[in-house]
Amino acid sequence: MGVSLEGSKVILVAYMKQHVLNYHQWMQDPSLLQATGSDPLTLEEEYQMQLSWTQDPLKSTFIILDKDLISGKFNHGDPHVEAMVGDVNIYMNDSEDSQLAEIEIMIAEPKSRGKGLGMESVLMMLVFAIETHKINTFRAKIGDSNEASLNMFRKLGFKEVSHSEIFKEVTLELPVTAEKSKELLQLVGNMVKYA
């Protein structure tokens, strides 16, 4: 079943098989493919990808649910497909630094953008990764034309470390000091964790 994290605006739930059809539909949008640096997949490939993500110990993937869109009461373990608005992920793929994670966020539903859902989702994922995986440095790679995402990560304290003209991508990093960890915990507030 995995872990769910509840904040004031969003609930992060494990990426379940029931989410794949909606996720696949999102990833037919050329602008989302470009923003996420993804290639289009068939529905069958998307199901295989979902399974691999849930089984990879070097990845944590959550589907973002907008609490305002949940019909009925939230039940941990239910997919609540009706409330899906995006996803947030961390990847711990640096073989030389097991405490470094790359973080990604996607608010796929246009009507859900600009409401603070992405900010809260990233904050919750940062705190989860610090507590669960002992991450001490976060990295975000963002298209240089994605001003909304760049601004959000900068507000969280991420600093630009490089820019790729070839990939039109900015790499930002956030070192997690004890002070930064405390600040992130305060920003998250009363996050509830269901296991």
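Modeller: The model is predicted, so local features need pLDDT of at least 70 and side-chain atom pairs count only at pLDDT 80 or more, while totals for chains, interfaces and linings use all residues. Residues are numbered from 1 along each chain as its sequence is written, and side-chain values use heavy atoms, with hydrogens and water left out.

Colleague: Where is Ser60 placed?

Modeller: Helices (H or I, at least four residues) and strands (E, at least two) are DSSP runs, numbered from the N terminus. Ser60 belongs to strand 3, residues 59–66.

Colleague: Is Ser60 buried or exposed?

Modeller: Buried means under 20% relative accessible area, exposed over 50%, and partly exposed in between (1.4 Å probe, protein chains only). Ser60 counts as buried because its relative accessibility is 10%.

Colleague: Which residues is Ser60 in contact with, leaving aside neighbours within four places in sequence?

Modeller: Contact means heavy atoms within 4.5 Å. On that basis Ser60 is in contact with Val88, Asn89, Ile90, Met125, Phe128 and His133.

Colleague: With which side chain does the side chain of Ser60 make a polar contact?

Modeller: A polar contact is a pair of N or O atoms within 3.5 Å; within protein, one must be able to donate a hydrogen and the other to accept it, and residues adjacent in sequence count only if both atoms are side-chain atoms. Here the partner is the side chain of His133, at 3.1 Å.

Colleague: What is phi of Lys134?

Modeller: Phi of Lys134 is near 55°, a positive value in a residue other than glycine. Lys134 lies in the loop between helix 4 (117–133) and strand 6 (137–143), and counts as exposed because its relative accessibility is 52%.
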